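Hi,

Here is the structure I said I'd pass along.

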Amino acid sequence: MKMLKVVLVVADGLGDRPVPKLGMKTPLELVDFSIVADLLHKSAVGLWDPIQPGVRPGSDTAHLALFGVNPLNNYPGRGPFEAIGAGAILHPGDIAFRGNFATVDKSMTVIDRRAGRSIPEAKQLVKYLNENIGEIDGVKVEIYHATEHRVAVVFRGTSLSDAVSDTDPHTEGVKVLESKPLVGSEEAERMARIVNIFTRRVYELLSACPLNSKRVEKGVPPANVILLRGAGKMVKYPKFSERRDVNLRKAVAISATALVKGVCALLGFETVTPRGATGGVDSDIMAKARAAVDFYKQDYDLIYVHVKGTDSASHDGNPEAKVGVIERTLKGISYIVDRVDLGEVVISFLGDHATPVTVKDHTSDPVPVMVYAPGILADGFSKLTERDARKGSLGRLRNTELFGVLMDYSGRAEKFGA
Ligand code: ZN
Ligand code: ZN
């Protein structure tokens, strides 16, 4: 069986719902598809439930499923992926928590769970902590700044457990919680002890930190503690080259989003951020398309292009901006189509999940998918919309099924059976 290259383009949060201010049309229904109409005409179309109906995907879980790893069986919780999204490189066995800078008084009572939310000094505070916190009982501690008051905390050592409770009381006016083991193992007891020492040490360091004295002088609450929640133990994911169900050797992910790059790296992708690619609505999508063509001309089997701006526009509730990012993504696809041999490539365009602009958050609505492959029985659509996709021949694919379809059309799927 001949193996074809696969070019996969995802507009993050592409799926949507009817928008009142668009006359009950979805953003995709306002998009001008003429630039890729020919490709669409030759493609099969359908819907994809990234996880399963009713389960709202994160970009991390959706990407795992997109690349053939069922997140329902292989997800260590948000802690590790929050850390990956903040730039951490995790090893199997690492314990990671999501965390907040918060304000406590001398009795460790939480005054503000977000330390005023605006913490322009956050990156410096994290650096200060990383330089001073040291190891705890032989366990290395790494803190990563995510956004605003949010951080991720990674504990690295041997035989660590994630079966410990949060220190975040999830409310104000009560004391920071002691972390407790959730199972009766020695590892969980030790982990809880380490977490409690961490909390105390962070409080002491941050209380003595000049950056906080300045905050107090300005009348803003000091960021003097980190509240932890959602412990997760990093798992080992199979790299493409180690998998027996597919024949993929080299894959590259073109993205400016740390979380997506992190997930892809776990699965064995090389990751690249071209100049001008920002992850925002202003991102230079053509720079990504040019990079995709460069990699296509090399020996890469799978070239993945990720566009984040559609999701950013959706979280902002801005349908016009979403339409604009989709149209610029289509220009990028058109650029790629003009420079590849359509007899030798599988091209797919889809969203990683729905982020309806009316909801401003991820929902479980299935997302439209387009798959072009040489010789595919095409549906002959000229647009890719939520409504059209319901009538497409791909039907409604779930979780890792879409990856299987792409691998089969590219001649890269192993036969199941004799
Ligand atoms: Zn996403
Ligand atoms: Zn999102």
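Helix H11 (319-337) gives the most to the lining of the largest cavity, with four residues. (Helices, H or I and at least four residues, and strands, E and at least two, are DSSP runs numbered from the N terminus.) That cavity has a volume of about 40 Å³, and the elements giving two or more residues to its lining are H11 and helix H9 (285-297). The lining is made up of Val9, Ile285, Ala289, Val305, Thr329, Gly332, Ile333 and Ile336. By class that is six nonpolar, two polar and no charged residues. Here Ala, Val, Leu, Ile, Met, Phe, Trp, Tyr, Cys and Pro count as nonpolar, Asp, Glu, Lys and Arg as charged, and the others, Gly among them, as polar.

For the set-up: on a 1 Å grid over the protein atoms alone, a cavity is a set of points where a 1.4 Å probe fits but cannot get out, while a pocket is an open set with protein on both sides within 12 Å along at least five of seven lines; lining residues have an atom within 4 Å of a point. Grid points are joined across faces, edges and corners, and a volume is the space filled by probe spheres set on the points. The count comes to one cavity of 30 Å³ or more.

Bear in mind that this is a predicted model: local features need pLDDT of at least 70, side-chain atom pairs count only at pLDDT 80 or more, and totals for chains, interfaces and linings use all residues. Residues are numbered from 1 along each chain as its sequence is written, chains are lettered from A and ligands numbered from 1 in the order in which they are written, and side-chain values use heavy atoms, with hydrogens and water left out.

Now the pockets. The largest has a volume of about 840 Å³. Its lining counts 26 residues, and Arg78, Phe81, Glu82, Leu259 and Lys308 lie nearest its centre. Helix H4 (78-85) supplies the largest share, four residues; H4, helix H3 (59-66), helix H8 (258-266) and helix H10 (309-315) each supply at least two. By class there are eight nonpolar, nine polar and nine charged residues.

The protein is divided into domain 1 (5-74 + 237-409) and domain 2 (82-233), with bounds from an automatic or database domain assignment. Their C-alpha centres lie 35 Å apart, and the lining of the largest pocket draws at least three residues from each.

The second largest pocket has a volume of about 220 Å³. Its lining has three nonpolar, one polar and eight charged residues, including Asp16, Arg17, Glu29, Asp365, Glu386 and Arg387.

Back to H8: Val260, Gly262, Val263, Cys264 and Leu266 are buried there (buried means under 20% relative accessible area, exposed over 50%, partly exposed in between, with a 1.4 Å probe and protein chains only). These buried residues pack against H3, H4, strand S8 (251-254), strand S9 (270-272) and strand S10 (302-307). Just after H8, Gly268 takes a positive phi of about 105 degrees.

Which residues does Thr61 touch, leaving out those up to four places away in sequence? They are Ile51, Pro71 and Tyr75, where contact means heavy atoms within 4.5 Å. Thr61 sits in H3 and is buried, at 11% relative accessible area. Its side chain reaches the backbone nitrogen of Gly58 at 3.0 Å.

Asp168 is in the loop between strand S6 (150-156) and helix H6 (186-207), and is buried with a relative accessible area of 1%. Its side chain makes a polar contact with the side chain of Arg113 (2.7 Å). (A polar contact is a pair of N or O atoms within 3.5 Å; within protein, one must be able to donate a hydrogen and the other to accept it, and residues adjacent in sequence count only if both atoms are side-chain atoms.) The backbone nitrogen of His170 also lies 2.7 Å from a polar atom of the Asp168 side chain.

Last, some backbone angles. Most residues other than glycine have a negative phi. Met24 has a positive phi near 60 degrees and is partly exposed, at 48%. Lys360 has a positive phi of about 60 degrees; Lys360 is partly exposed, at 46%, in the loop between strand S11 (345-350) and strand S12 (367-372).

Cheers
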